[in-house]
Amino acid sequence: MKYKISKSDKKIKGEITLDGSKSISNRALIIRALSGLDFPIHKLGDSQDTQTLIRLLESDEQVLDTGPAGTTFRFLTAYLAFQKGTKILTGSARMKERPIGILVDCLRKLGAYIEYQEKEGYPPLKIHSPKAQLATPELSIPASVSSQYISALLMIAPTFIGGLRLTLEGEIVSRPYIEMTLQTMARFGVEHKWEGNTIFVAKQSYQAQEFTVEADWSAASYYYALAAFSDETDLYLNGLHQESWQADSAIAAMMEQFGIITTFTKKGVHLTKTPTDISSFQYNFLNCPDIAQTLAVTCAGKRCEAHLEGLQTLKIKETDRIEALITELKKIGIEAGEITENALHIKASSHNFEQVKTPTFDTYHDHRMAMIFATLALIVGEVLIDDPLVVGKSYPAFWDDLKTLGFDGATS
């Protein structure tokens, strides 16, 4: 199935109430499960990832299928590792290609009993009741791997007899996501000490607290891209906080270079636009890789030369996001290339976008590819998005929300 999306003008005006952050929602759900207590979590995300986690945490089935939900798989691996009984944790074909060995090795050192069901180091996993816990557990983990491994370990840390001392080796990838985890833990009464490259979490109990999830800054990034492509913007995005735990809130400062003004209100943010010319853009996305695609496509659509670094985790996401960007940007005449495994360069272009006739963008089963390439409808008139339902992974209402801003959309 394909989805054709277009807009008759280049004005972005309206009001969108964004869904709750998937990252914060999933952390709060794991913490609630670890606490053994029941307390309300308001504005949980409607994303497939979050809804899958809710369902699996409540399931009595032996086989738990996370589908393509990477965060859900990693958090559940750590959570189940120290629960009684035996579970098989599996996922989609792509999930079975995403490494899990580093996390499993760490959990085994802590006393977990986990077996690989197919390929060594990859899902699916058979997770048994744990062995004896270590009295004073200490672990070292490469800090260059997915921060989700580190977050998964930190959230279970206060349940251990002697807590957990976790040493991060090397350059830390996505540090704000680790800080988000620790801030969420603190919100539920669990404290930590972070000295140098070591985080120590003592044995503690999570406390029941009513909790409200902030809206998703990653989702907001696509509206910032639309604002950058627009002739005029008067847009309200509800649910976002100025003092945010989310690394992707950096989008507000980045988009100032494209003339987008962010004004915080009681309900969220108000976006307006001032005319500006930008010829080059450079940024290191080590701390916020989920908005790298947004900036890559924004720069391409603005015919702006760009050098994007800190992309090392993009190759092991839902798809190889660097390669996918290179391939799809060619469809609007933009040349992009990988300089190193961590960096992408986008050439400035004088290409006439009006000559581009309804490009069809492949999504590679990646929700973020679908949403950011949809914004190019504002540049080329109309685009076709293959596999449009993939947005359900993080933002099920995306296509409906675009219609409230005057976009026309139909399946074909």
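**Helices, strands and contacts**

Author: Let us begin at the end of a helix: α6 is followed by Gly 189, whose phi is positive, near 90 degrees. Please bear in mind throughout that this is a predicted model.

Reader: What span should the 13 residues of helix α6 have at 1.5 Å a residue?

Author: The expected span of a helix is 1.5 Å times one less than its number of residues. For α6, which covers residues 175-187, this gives 18 Å, and the end C-alpha atoms are 18 Å apart, so the two values agree.

Reader: Which residues in α6 are buried, and against what do they pack?

Author: A residue counts as buried under 20% relative accessible area. In α6 the buried residues are Pro 176, Tyr 177, Ile 178, Met 180, Thr 181, Leu 182, Thr 184 and Met 185. Their packing partners are the helices α1 and α5 (147-156), together with the strands β9 (164-169), β10 (193-195) and β11 (198-201).

Reader: How is the packing of two helices described?

Author: Two packed helices are described by the angle between their axes and by the distance between those axes. Consider helix α2 (residues 48-57) and helix α3 (residues 70-80), which pack at an angle of about 30 degrees with their axes 9 Å apart. Angles under 35 degrees count as roughly parallel, and α2 is therefore roughly parallel to α3. The contact involves Asp 49, Thr 52, Leu 53, Leu 56 and Leu 57 of α2, and Gly 70, Thr 72, Leu 76 and Tyr 79 of α3. The crossing of α2 past α3 is right-handed.

Reader: At what angle do the axes of helix α10 and helix α11 cross?

Author: The axes of α10 (residues 321-329) and α11 (residues 367-374) cross at roughly 30 degrees and come within 11 Å. These helices are therefore roughly parallel to each other. From α10, the contact is made by Arg 321, Ala 324, Leu 325, Glu 328 and Leu 329; from α11, by His 367, Arg 368, Met 369 and Phe 373. Here, too, α10 passes α11 in a right-handed crossing.

Reader: What is the order of the strands in the open sheet of 4 strands?

Author: The order is β4-β5-β7-β6, with mixed pairing. An edge strand has a single partner, so β4 (63-65) and β6 (113-116), which stand at the edges, each have one side left without a neighbour in the sheet. On average, neighbouring strands of this sheet are turned by 25 degrees against each other, direction ignored.

Reader: Which helix lies across β6 and β7?

Author: Helix α4 does, running at about 150 degrees to β6. One of its residues is Ile 102, as α4 spans residues 101-109. Ile 102 is partly exposed, with a relative accessible area of 31%. Leaving aside residues up to four places away in sequence, Ile 102 touches Ile 141, Pro 142, Val 145 and Tyr 149.

Reader: Which strands pair with β15?

Author: Strand β13 (residues 232-238) pairs with β15 (residues 268-273) in the antiparallel sense over 5 bridges. Strand β14 (residues 260-264) also pairs with β15 in the antiparallel sense over 5 bridges. Thr 272 in β15 stands opposite Asp 234 and also opposite Ile 261. A hairpin through 3 residues joins β14 to β15.

Reader: Is Ser 21 buried or exposed?

Author: Ser 21 is buried, with a relative accessible area of 1%. This residue is found in the loop between β2 (11-17) and α1 (22-35). Beyond residues up to four places away in sequence, Ser 21 touches Val 213, Glu 214, Ala 215, Asp 216 and Gln 246.

Reader: How many residues apart in sequence are Thr 360 and Val 383?

Author: They are 23 residues apart in sequence, and their C-alpha atoms are 6.1 Å apart in space. Thr 360 belongs to strand β20 (residues 360-361) and is partly exposed, with a relative accessible area of 25%. Apart from residues up to four places away in sequence, Thr 360 touches Lys 2, Glu 328, Lys 331 and Leu 384.

Note on methods: Residues numbered from 1 in each chain as written. Predicted model: local features only at pLDDT ≥ 70, side-chain atom pairs only at ≥ 80, totals over all residues. Heavy atoms only, no water. Pairing = 2+ DSSP bridges. Helix = DSSP H or I, 4+ residues; strand = E, 2+ residues; numbered from the N terminus. Buried < 20%, exposed > 50% of the residue type's maximum accessible area, 1.4 Å probe, protein only. Contact = heavy atoms within 4.5 Å. Axes fitted to C-alpha atoms, helices over the stretch in contact; angles between N-to-C directions. Parallel < 35°, antiparallel > 145°, perpendicular 65-115°, else oblique. Left-handed = near helix turned anticlockwise from the far one by under 90°.
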